[in-house]
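Here is a short note to read beside the model. It takes up a pocket and then a set of helix contacts.

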Amino acid sequence: MESKLPSSKFVDQLVVPGDVILDLSNLSTQTIKLGGGLRQDGDSISVMKAGKLRFTKPNKYWVETSQKRYVPSVGDNVLGVVMDTKPENFIVDIKGPALAFLPVLSFEGGTRRNIPKFEAGTLLYLRVVSANIGMNPELSCMDANGKAAEYGILKEGYMFESSTGLSRMLLSSPPHLVLEGLGKKLSFEIAVGINGRFWVNASQASTVILVGNAIQKSESLSLVQQKIYLEKVLKSIQ
């Protein structure tokens, strides 16, 4: 008979280094997968990094850390701010350890004749195409098929800073509770970068501020608290 995977009472709770989240002594045949922030000491699974303990079926546990610093990875969608323009590259801040390069031809149909002109401070939605340790990451404004798709300049609106943990929650499935609830009631556009930034645009500035602030606040709330908070926000805009 296969033993049932024990659940941890710490799931979705804040944990700190040294916390023992699982005792494996009563676990026989079923294995568990450990993600970042956890380690196994004999029959104990303990915490190495402070954050929220997360679990996904069938058997994976990890600690979600709300780090501000983003570590680039190939395939990531990010929000970047143009810092400078050089002959071959735009220099872009993606909130990582180093500035990133966006080659001037990394646009759909890009040629020397139609290189875009970006002022410093221009906000772009981009894809990471190269991310090697010790080198500046390389970006693109095209998808894997060479099409612009959703990438490019984000006009108007406002960019909000967040942790990378919140970014992942906004991009996760099922949808983020507060974001989904606001989307049913209000009309706005949103672009989320996995690098701890999101952009909101709407016809009214008050909507942009309300949505951005509500999303930022949601990070520190449990699911139950998010539901209560969402109801309060929705009532205020009726």
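1. Terms for residue classes come before the counts. Ala, Val, Leu, Ile, Met, Phe, Trp, Tyr, Cys and Pro count as nonpolar; Asp, Glu, Lys and Arg count as charged; the others, Gly among them, count as polar. By these classes, the lining of the largest pocket has 10 nonpolar, 8 polar and 5 charged residues.

2. Some ground rules. This is a predicted model, in which local features need pLDDT of at least 70 and side-chain atom pairs count only at pLDDT 80 or more, while totals for chains, interfaces and linings use all residues. Residues are numbered from 1 along each chain as its sequence is written, and side-chain values use heavy atoms, with hydrogens and water left out.

3. The largest pocket holds about 720 Å³ of space. A pocket is an open set of points on a 1 Å grid over the protein atoms alone, where a 1.4 Å probe fits, with protein on both sides within 12 Å along at least five of seven lines; lining residues have an atom within 4 Å of a point. The volume is the space filled by probe spheres set on the points.

4. Which residues lie nearest the centre of the largest pocket? They are Asp 12, Arg 54, Met 169, Ser 172 and Leu 223, out of 23 lining residues. Strands S6 (51-56) and S7 (60-64) and helices H1 (164-171) and H4 (223-236) each give two or more residues to this lining. S6 has the largest share, with 4 residues. Helices (H or I, at least four residues) and strands (E, at least two) are DSSP runs, numbered from the N terminus.

5. Now H2 (residues 177-185) against H4. The two pack at an angle of about 20°, with axes 9 Å apart. Axes are lines fitted to C-alpha atoms, for helices over the stretch in contact, and angles run from 0 to 180 degrees between N-to-C directions. H2 and H4 are therefore roughly parallel (angles under 35 degrees; over 145 is roughly antiparallel). In their contact (heavy atoms within 4.5 Å), H2 brings Leu 177, Val 178, Gly 181, Leu 182 and Lys 185. H4 brings Leu 223, Gln 226, Lys 227, Leu 230, Val 233 and Leu 234. By class, that is 7 nonpolar, 2 polar and 2 charged residues.

6. H2 also meets H3 (residues 205-218). Their axes come within 9 Å and cross at roughly 155°, which makes H2 roughly antiparallel to H3. Val 178, Leu 179 and Leu 182 of H2 touch Leu 210, Val 211, Ala 214, Ile 215 and Ser 218 of H3. This contact has 7 nonpolar residues, 1 polar and no charged.

7. H3 and H4 close the set. They pack at about 165°, with axes 11 Å apart, and are therefore roughly antiparallel. The H3 side includes Asn 213 and Lys 217; the H4 side is Gln 226, Tyr 229 and Val 233. The classes here are 4 nonpolar, 3 polar and 1 charged.

Notes: Angles under 35 degrees count as roughly parallel, over 145 as roughly antiparallel, 65 to 115 as roughly perpendicular and the rest as oblique.
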